[in-house]
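Reader: I would like to learn how to read a structural model with some care, going from single elements up to whole chains. Could we work through an example together?

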Amino acid sequence: MKDLKRFVVLAFLFLPFLSAGAQEIAIKAGTVLPISDAPIENGTILIKDGKIAALGQNIAVDADVRIIDANGKFVMPGMIDAQSRLFVIDREFNERRSIAAELNILDGLDPYIKEAPEVAAQGVTAVYVAPGTRSLIGGRGAVLKLNGSKDVGKMLLKSDIAVKAAIGVSFNNESSSLGRLANYSSIREALLETKIYMHNKEKHEREQAEYDKKKSEYDKKKKARTTEKADKPKRPARFRLNPTREALARVLRKEIPLQIEAHRVTDILNALRLADEFDFTLILDKCTEGYLVAEEIAGSKATVILGPVTTSFADMPRLEYRNHDIRNAAILSEKGVKLALGVSGRDGASSKFVALAASMAEANGMDRDLALRAVTLTSAEILGVADRIGSLEVGKDADIVMLSGHPLDSLSQVEMVLIEGKTVFERKDQQ
Amino acid sequence: MKKRRFLSFLVILSISFCLTSFGNEPQVIAIRAGKIWTVTNGVITDGIILVKDGKIQSVGENVDVSEGAKVLDMSGKNVMPGMIDAHCHIGLSLDIFSEMNETVAAVAAEMLILDAFNPYSDDVNKALRCGVTTIMLAPGNRNPVGGLPAILKLDINKANDWVLVRAAGVEFSVMNEALMFDREPTSRAGLMELIREELDKAKEDKDDGFNPTRDILKRVVVANKTAYIWARNVDEIASAMAIVDEYELKAVLVAAEQGDEIADMIAERNLPVIYPPLLLSSRDKDLKRAGRIAGNGVKLAFSSLAPKTDLCDLRTSAVLAAKYGLDKETALKCLTINAAEILGVADRLGSISEGKDADLVILNGEPLQLTSGIEMVMINGNIVYQRQEE
């Protein structure tokens, strides 16, 4: 009897897991905002194995499919904070050494922080974390999912998103034109040295290949005893691999973008100049005074991750934000700049203000659809993860947010958040 | 001929008037609006606000518009009273902390913050763009006895009387920020004792010659002027309340973020709270605090503490508080009438009602929607900001 009871209890305990594993889910929504496409009224989203299997108005749903009723609600892809500090241990944010492109942000994360669920509850399903601003070149950033896992490996969507650099960021609120110029030249120098390094490495590889060939010939001859010892080919000098240069070489080979944080006009222009000179993929980060050189940015191939939209997110007063203008995002996107919005907040928990940042950008002139795209699909595209997240499309991850109203409506409440089809947040109080 | 010249002179005069300041002439303006958020008397749909000599003459659905009135057609738009930032530090130099705090003397009662204010600062125009028409310019929180805040109307380039109150009450701080390692007091108990000593001296009213500190503190202990007391954490709020109880002060709690934890005690004492910007606190439960404080019957107003946060985010505080549980109607009051009442200027500001200053904000959507843009701002019936269409 007791055993039976225990069995029943156990069965009930495991039932949800068993069923959640394989079962398909269908979300029947009021309005679906796929972002990549026009809104779908009364749309259905079919989720299978954590991926979006089908999407549209007339989707056939089998009887055994679990249905989430989102009638009258808005459904959109999970939002992305492209300037997050979530999970990042403050001390691990910066390495004192100035050029440290080889560092990986994944080594400085604390997956146990308690703020993550709070951020997810606001519809943010992924964050991009990058090293801080105190190093000129600070290392490589990564995109993480807020799926509640405490295992960095399971949170990780993609590492090596970009190498992070900073030009002209003030320390202790002191900045000088000369100091900012020095930053620029140090980064330039690092890239030049990397070019030389690449050249030397190629040369070494050629020599090594030649040596290998000669050596094998020599070895053959030696076996046949048809050669003198003096003919033994000389081994080229050993080439010392340099991890910093290797990481930067990937930038110069365009395998990974260089993300440059630049606030003031001169620094932004210097970043564009660097991208021209070295032909790498440039992501302009922060871009505070971008609105003053919008034409120049639009004319370049650079993409922009803009933030903070309002200085209220930052610890003020800061010199970099002296000419901050809340219309920055509107002006840049008007000129056709490919633009993502980030929160760039004081701490990790600030990432929950992504939708707020987008609606502030809208309030100050940015097109509503573009503002929404700037926290979803555009971010995913700039960060190179658009194959997995950023929009509701067949084949993409089922990272889905359900809201009581339009996401940029200030009083809309997030009702439910799914990551890869699993519920990570569900609103309980209906106050 | 002479007449014509006079006429052309008049025309030029009126044009130049129009160019320098819209409608500076003492005429009647009728604002036709889609929604009027009067704050004290509900929302009027398709109403009219009649403004005469800078004051609101009447407001309602059926208001007689005389023939000479200049009609501003804002049908489809929302009108709300000018917002009041109950505590900020704008127009001071960038090195804000040395501008608003006296760091050598702990007691700086006679410090008039208005002396540090730059009326030509761009901050003023920025505030107007965001629909903030009145501010309390306050000293910082690093002096136990901190000086005299001012209440300013921001039509600085248009009027002479933009200083509404030159010295409104006295600021105190029982925050840990008021404790510095290189000057006394260095402990909370020392800080409390210092404030008591100063208040006792003022209360005693001994005639020992010129003593500006005593004369100013007499205003709060004798003349019942408002004491603005900075206190963020529960313990700081408790300290503030101790002083309030002992000296029977009329007081306002400034930046009392954790007030929700002892909201009943604050309500018992009838102490209003000037709430710090919600974007400063980022933990989720903090965003619910403002709603909980007001829910306990405490009168609440918002502040930007600019440049700590952007002054434009005064409205963001109200929106976030509303999203996290503050009653929507109250949220709007916190931006307007509550702030006016707390600052003691509700006879002139804070609502759209007869006899009050025509300080109005016209938005293209509801006030508690961040995406609603501010189209026009008026102070005393004069347009001080108008959104340019690109």
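Reader: Let me begin with a helix: against which strands and helices of chain A do the buried residues of helix 4 of chain A pack?

Author: This is a predicted model, and that should be kept in mind throughout. In general, an α-helix has 3.6 residues a turn, so residues three or four places apart point the same way. In this structure the buried residues of helix 4 of chain A are A:Arg180, A:Asn183, A:Tyr184, A:Ile187, A:Leu191 and A:Thr194, and the elements they pack against are strand 8 (137-140), strand 11 (163-167), helix 5 (243-252) and helix 6 (265-278) of chain A.

Reader: Moving up to the whole of chain A, how many helices and strands does chain A have, and into which domains is chain A divided?

Author: Chain A has 11 helices and 18 strands, and its C-alpha trace spans about 85 × 65 × 40 Å along the principal axes. Of its 431 residues, 47% count as buried, and among contacts in chain A with a separation of 6 or more, 69% join residues 24 or more positions apart. Chain A is divided into domain 1 (1-77 + 391-431) and domain 2 (79-176 + 241-389). Where these two domains touch, 18 residues of domain 1 of chain A are in contact with 23 residues of domain 2 of chain A. On the domain 1 side, strand 16 (400-403), strand 17 (414-419) and strand 18 (422-426) of chain A each give two or more residues, and strand 17 of chain A gives the most, with 3 residues. By class, that side has 11 nonpolar, 3 polar and 4 charged residues.

Reader: Into which domains is chain B divided, and how many residues does each give to the contact?

Author: Chain B, which has 12 helices and 17 strands, is divided into domain 1 (2-82 + 354-386) and domain 2 (83-343). The contact takes 18 residues from domain 1 of chain B and 22 residues from domain 2 of chain B. The elements giving two or more residues to the domain 1 side are strand 16 (374-379) and strand 17 (382-386) of chain B, and the residues of that side divide into 12 nonpolar, 5 polar and 1 charged. Of the 390 residues of chain B, 51% count as buried.

Reader: How should I read a nonpolar core, and which residues have the most contacts inside the largest one?

Author: In soluble globular proteins, nonpolar side chains tend to be buried together. Here the largest nonpolar core has 255 residues, and A:Ile45 and B:Leu253 have the most contacts inside it. Helix 9 of chain A gives the most to this core, with 8 residues. Leaving aside neighbours within four places in sequence, B:Leu253 is in contact with residues including B:Ile229, B:Ala231, B:Ile237 and B:Leu271.

Reader: For contrast, is B:Glu61 buried or exposed?

Author: B:Glu61 counts as exposed because it has 10 C-beta neighbours inside 10 Å. This residue is found in the loop between strand 3 (55-60) and strand 4 (70-81) of chain B. Beyond its neighbours within four places in sequence, B:Glu61 is in contact with B:Ile44, B:Asp46 and B:Gly47.

Reader: How many residues of chain A and of chain B are in contact with each other?

Author: 22 residues of chain A are in contact with 22 residues of chain B. Helix 9 (residues 354-363) of chain A provides the largest share of the chain A side, 4 residues, and that side divides into 9 nonpolar, 8 polar and 5 charged residues. For the complex, the predictor gives an ipTM of 0.83 and a pTM of 0.87.

Reader: Finally, where in chain B is the pLDDT below 50?

Author: Chain B averages a pLDDT of 89, and 89% of its residues score at least 70. Over residues 17-21 of chain B, however, the pLDDT is below 50, and this stretch has 4 contacts in the model beyond near neighbours in sequence. Where pLDDT is low, the predicted coordinates should not be read in detail.

How values were computed: Residues numbered from 1 in each chain as written. Chains lettered and ligands numbered in written order. Predicted model: local features only at pLDDT ≥ 70, side-chain atom pairs only at ≥ 80, totals over all residues. Buried ≥ 20, exposed ≤ 12 C-beta atoms within 10 Å, placed from the backbone. Contact = placed C-beta atoms within 7 Å. Nonpolar A, V, L, I, M, F, W, Y, C, P; charged D, E, K, R; others polar. pLDDT = per-residue confidence, 0-100. Domains from an automatic or database assignment. Core = buried A, V, L, I, M, F, W, Y, C linked by C-beta atoms within 7 Å.
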